[in-house]
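Please keep the model open beside you while you read.

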Amino acid sequence: MRTSLVLAAALLMLGGGFSTGWSGNARAADETAIDDYKLANSLYQKGRWKLAAESYENFLRQNPKHRKAEAARYFLGLTYVNLENHARSREVLRGFAKDYPKSEYRTHALYWIGQGSYILEDYAAAEQELAAFVKLANVDDGLLERAWPYLAESEFRLNKPQLALAHYLQAIK
């Protein structure tokens with residue numbers, strides 16, 4: 001008992017108590033995670049797609065529950081769009097949309113998922129995903145004008161000419 005009290009007193013004198021040491025470690029870990037996240041963002045902004053993807057993947061592997069994990073997953077998906085790896089982009093962004101249904105990035109994620117499905121010639125999925133996007137998107141959203149032709153073409157390929165025509169017309173408004 002006396003040894004424990006002496007050890008506790010020594011720790012208090014050296015570091016301000018047990019919780020300070022642990023919170024200090026947690027703070028250092030958080031700062032390292034933030035640095036890793038910032039590195040990935042910097043690589044993304046510079047168009048260094050492969051390195052950005054590796055950095056986001058590494059960040060998420062090491063920090064799956066971090067407060068920046070939501071944004072990291074979204075930008076990882078966009079990084080794969082830029083790498084033209086549409087299958088991986090769609091996989092990442094579908095997981096993102098499922099795990100973060102209230103995210104500010106979710107609506108745009110639906111567009112990129114739908115575009116990926118269209119490019120991969122999965123027209124049924126593209127129709128569903130792009131329809132969800134156009135339903136949620138703001139009227140002034142720049143991606144909206146890109147979504148209508150993909151949606152219309154998907155419907156045309158699914159032998160839905162009336163829907164396709166309506167959405168082609170929407171695209172040229």
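1. E121 sits in the loop between α6 and α7. Its phi is positive, near 60°, although the residue is not a glycine. Most residues other than glycine have a negative phi.

2. Some ground rules. This is a predicted model, in which local features need pLDDT of at least 70 and side-chain atom pairs count only at pLDDT 80 or more, while totals for chains, interfaces and linings use all residues. Residues are numbered from 1 along each chain as its sequence is written, and side-chain values use heavy atoms, with hydrogens and water left out.

3. The overall picture. The protein has 9 helices and 0 strands, where helices (H or I, at least four residues) and strands (E, at least two) are DSSP runs numbered from the N terminus. Along the sequence the pattern reads α-α-α-α-α-α-α-α-α. Of its 173 residues, 40% count as buried. Among contacts (heavy atoms within 4.5 Å) between residues at least 6 apart in sequence, 45% join residues at least 24 apart.

4. The core. The largest nonpolar core has 40 residues, and Y56, Y74, W112 and F133 touch the most other members. Such a core is a set of buried Ala, Val, Leu, Ile, Met, Phe, Trp, Tyr and Cys residues joined through side-chain atoms within 4.5 Å. Two or more residues come from each of α2 (18–45), α3 (49–62), α4 (69–82), α5 (86–99), α6 (106–119), α7 (123–136) and α8 (144–157). The most come from α4, with 9 residues.

5. F133 up close. Please click on F133 and look around it. Leaving aside its neighbours within four places in sequence, F133 is in contact with T107, H108, L110, Y111, D141, L143, L144 and A147.

6. Helix α4. The buried residues are A69, A71, A72, R73, Y74, F75, L76, G77, L78, T79, Y80 and V81. At 1.5 Å a residue, α4 should span 20 Å, and its end C-alpha atoms are 20 Å apart, which agrees; the expected span is 1.5 Å times one less than the number of residues. After α4 comes E84, with a positive phi near 60°.

7. Helix α8. Its buried residues are L144, A147, W148, L151, A152, E153, S154 and E155. They are covered by elements including α6, α7 and α9. The 14 residues of α8 should span 20 Å, and the distance between the end C-alpha atoms is 20 Å, in agreement.

8. N159. This residue follows α8 and is found in the loop between α8 and α9. N159 has a positive phi of about 60° although it is not a glycine. With a relative accessible area of 67%, N159 is exposed.

9. The largest pocket. Which residues line the largest pocket? They are V139, D141, L144, E145, W148, Q170, A171 and K173. A pocket here is found on a 1 Å grid over the protein atoms alone: an open set of points where a 1.4 Å probe fits, with protein on both sides within 12 Å along at least five of seven lines, and lining residues have an atom within 4 Å of a point. Helices α8 and α9 (161–171) each give two or more residues to this lining, and α8 gives the most, with 3 residues. The pocket volume is about 160 Å³, which is the space filled by probe spheres set on grid points joined across faces, edges and corners. The lining divides into 4 nonpolar, 1 polar and 3 charged residues. Here Ala, Val, Leu, Ile, Met, Phe, Trp, Tyr, Cys and Pro count as nonpolar, Asp, Glu, Lys and Arg as charged, and the others, Gly among them, as polar.

10. Q115. This residue lies in helix α6 and counts as buried, at 6% relative accessibility. Apart from its neighbours within four places in sequence, Q115 is in contact with V81, L130, R146 and Y150.

How values were computed. Buried means under 20% relative accessible area, exposed over 50%, partly exposed in between (1.4 Å probe, protein chains only).
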